[in-house]
Amino acid sequence: MLLEGERDTILKTTSAVLAEHGARREKLIPLLQAVQEQLGYLPKLAMEEIAAALDIPAVEVFGPATFYNSFRLHPPGEHQFKVCMGTACYMIGGQIALDSFERRLQIKPGETTADRRFSLDQVACVGCCSLAPVVVVDNFVEGKVTPTRVDGLILSYESNGQKVEQDSQQTEATNTDEAKGEEGS
Amino acid sequence: MSILSATETKYQALREKAEAKLAPLAAETIIWIGTATCGKAAGAVEVREAFKAELKNKGIDAEVREVGCMGHCYAEPLAVIAKPGFPAICYGKVDEGLVTRLVDDFLINDDPCYEFALVALEPNDVFPTFSDFPRGVYENKMILEQCGFIDPEDIDHYIAKDGYSALAKALNTEPQQVLAEINGANLRGRGGAGFPAGVKWEAVVKQVEKTRYVICNADEGDPGAFMDRSILESNPHLVVEGMIICAYAVGAGHGYLYIRSEYPQAIRRVQTALEQARERGLLGKSIMDNGFAFDLEVFTGAGAFVCGEGTALINSMEGKLGMPEHRPPRLSTAGLRGKPTVLNNVKTFAYVPLIMKKGADWFKNTGTAESPGTAVFALAGKVENPGLVEVPMGTTLRQLIYDVGQGIPGEKEFKAVQIGGPSGGCLPEASLDIPIDFDSLKEGGAIMGSGGIVVLDEDDCMVRIARYFLKFTQQESCGKCTFCRLGTKHMLDILTAITKGEGKLSDLETLRELAEDVQVGSLCNLGRTAPNPILTTLQYFYDEYKAHIEEKRCPSLMCPDLIAYFIAPEQCSKLCNACVGSCPVEAVYTRDDGLKAIDQEKCVKCDNCLKACPIEYNAVIKLSPPALLAEKEGSTK
Ligand SMILES: Cc1cc2nc3c(=O)[nH]c(=O)nc-3n(C[C@H](O)[C@H](O)[C@H](O)COP(=O)(O)O)c2cc1C
Ligand code: FES
């Protein structure tokens, strides 16, 4: 559900983006990219607005929005962890790092924690293979990320802002069945 | 005596202006920091700031500037100090301590701290240069030559180093002559397939339709490759110049660089490059006053591997789903907006200015008869010196791995080299003497591909790597054709079962049959090449598959379902607690007798305790199959 304020922001952003890029079918992807850049994700409302402006059915906007990997349909967390799953990182512990994030944050790649503090994603090679396994935190690249480092990273970003409540989710993160299931999919 | 043409006059003016602007730099002390993505990841920004702060604190007159990637990623962050009176010297693994040292000892006191130097960039009597190292002997930098040595955000650096002179030369001849030069050089496309660029361009020239496009494919989807990104971040004008020359040859009025969204810094640097080129009349209505009009813009990809495929790329540029189409028609007849279109890879365009400047024969002097020129690789995995390398075509894999990459780190044994990414294959030791060129690699079952090379050692499981690539292609399969959509899924399921110890020997036959069906039945090369990682690993590493199936054993101790961690009591020290603290899930505990043990129910196989255990004890070991555990535990209770 969107709050009243959010609705306004979305509508304003979308019409500004449409005005800047022009409402042409060919501009669909740049339009979606611009909306995402400003809002952090693609709200359904924005996609419907774009569809109306381009005079195409909404599914023709939802299609590309779900087809391409770079679009997110949910608001991102305050901090984003992107775990590199490129070849070099994968072979040297990328999966272990990803598992650790999933275990600690209790979310899967593509998701955001309920408090919207963190989101988790996978990326392909970010070009720093010599530092594998690599995690991109917001826009910083962290190299040689072990499970201990994963804990450290989460902790450092938690303590950066307000102190997070030690809710049950966090402490029960040792559910082994969950954690062992490999890609969890 | 010929009089200078308008183009030549214009170019000379640009060149003189650039040189005049840069001349005073020779008398200044300049610190260059490599801030491509790889450098930044290693801490280049902190190093840059540390230099700036030190210089300011100590009141030293020197400039800090940024360059791209030199290709020596293993030694990042890199800094080059050019001080008048000394050869320019490159320092590797620079940290804040070294920054202080360099400023105090070198900048203030003239001691270049050779003990920390990696290499000198100019021949001199005191310190070795790149060509004195084994890597330098094998490397032959054509398109990477200036990467890391010029400021990618200042067009004058490129112009002062002869940049855009090839364009001036091209504009002074007829388009057919440009075409003849590229054809004469037998420049083959570097995006993977090795199709001759000249033939492609000629097909566009032959079209009646006069609205034509030039597109640079910078989608670089191979999950282990970053050459194209590095080139765009380190020397964007080389690619831009190549594209303008191509546009002139084929008569295109507009072009695009299709860059994947995961490369924000490359996008930014290319945009800056385009603006600066436009300001100087190198793009726009009348390029270098020659009357030829052409402009370029960036299209940011939206993230789909299949969009690297030409027809899918066009669809995505038109705002549609990035799905491939049946060919023909080829892009050269009906590409973007149905118009004749040239699509080439970043590297392909990067060779164009060099060939124009130095001639087809110069280009053909390097490499092999059928694959002239050089090959650029992102060398990664288990090699001592990973990074971006450029070697002549025909160099063997062995030379690339052992001489350029300096071999396998530790005492580990080489197992395989994965070349060509998700469409490529894994080659064993016995294939290491295959020369690297488009045709030889294909015979070995791999492909040249986009240039990702990952070296694997004894700790890497071949079933797992096959599964890794298949999972990638399965996820990226656009779903349009059945063979690719269902075939990759089915093969992935089989491989997953095998890595869990749930496979049957008959599965291997099914895998092979499926692989062959998907190879012939798929619509585009994503599907047609997806089975390569499976087929090559089945061919060369059949025993590993068998071990997974028959013994439930992962010979490389990598598949989590087939290994168990165990602390050998005879090696464990009661005094040490390193493993207990390292465990993220509290699976490691202290037994009543003070020794440590692992609760297998809780263990998530993260490898932390093994890494944490001090080398003098080496008490944590991995066992495969996990059934060995009962035996071990029984014997020690
Ligand atoms: C699934 C798939 C992905 C591809 N990805 C890329 C890519 O990332 N970069 C690229 O230059 N070519 C890629 N190609 C090859 C292109 O289709 C095309 O052959 C190439 O861009 C042509 O340029 P070239 O002749 O200079 O190599 C891909 C092909 C397929 C089938
Ligand atoms: S594979 Fe992770 S940075 Fe290259």
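Two strands count as paired if DSSP finds at least two bridges between them. Keep that in mind, everyone, as we look at this predicted model.

Let's start in chain B with strand E10, residues 374-381. On one side, E10(B) pairs with strand E14, residues 452-457 of chain B, in the parallel sense, over 4 bridges.

The link from E10(B) to E11(B) is a hairpin of 5 residues.

So, how many residues of E10(B) are buried? The count is 7 of its 8, and the strand is mostly covered.

Now to a pair of helices, still in chain B. H20 covers residues 505-521 and H23 covers 542-550; their axes come within 9 Å and cross at roughly 135°. Angles over 145 degrees would count as roughly antiparallel, and 65 to 115 as roughly perpendicular, so H20(B) and H23(B) are oblique to each other. Who makes the contact? From H20(B) we have Leu505(B), Leu508(B), Leu511(B) and Arg512(B), and from H23(B) Tyr542(B), Tyr545(B), Lys546(B), Ile549(B) and Glu550(B). By type, that contact has 6 nonpolar residues, 3 charged ones and no polar ones.

Last stop, chain A. It is divided into domain 1, residues 6-67, and domain 2, residues 79-167. Taken over C-alpha atoms, the centres of those two domains of chain A are 29 Å apart.

Terms used: Residues are numbered from 1 along each chain as its sequence is written. Chains are lettered from A and ligands numbered from 1 in the order in which they are written. This is a predicted model: local features need pLDDT of at least 70, side-chain atom pairs count only at pLDDT 80 or more; totals for chains, interfaces and linings use all residues. Side-chain values use heavy atoms; hydrogens and water are left out. Domain bounds come from an automatic or database domain assignment. Buried means under 20% relative accessible area, exposed over 50%, partly exposed in between (1.4 Å probe, protein chains only). Helices (H or I, at least four residues) and strands (E, at least two) are DSSP runs, numbered from the N terminus. Axes are lines fitted to C-alpha atoms, for helices over the stretch in contact, and angles run from 0 to 180 degrees between N-to-C directions. Angles under 35 degrees count as roughly parallel, over 145 as roughly antiparallel, 65 to 115 as roughly perpendicular and the rest as oblique. Contact means heavy atoms within 4.5 Å. Ala, Val, Leu, Ile, Met, Phe, Trp, Tyr, Cys and Pro count as nonpolar, Asp, Glu, Lys and Arg as charged, and the others, Gly among them, as polar.
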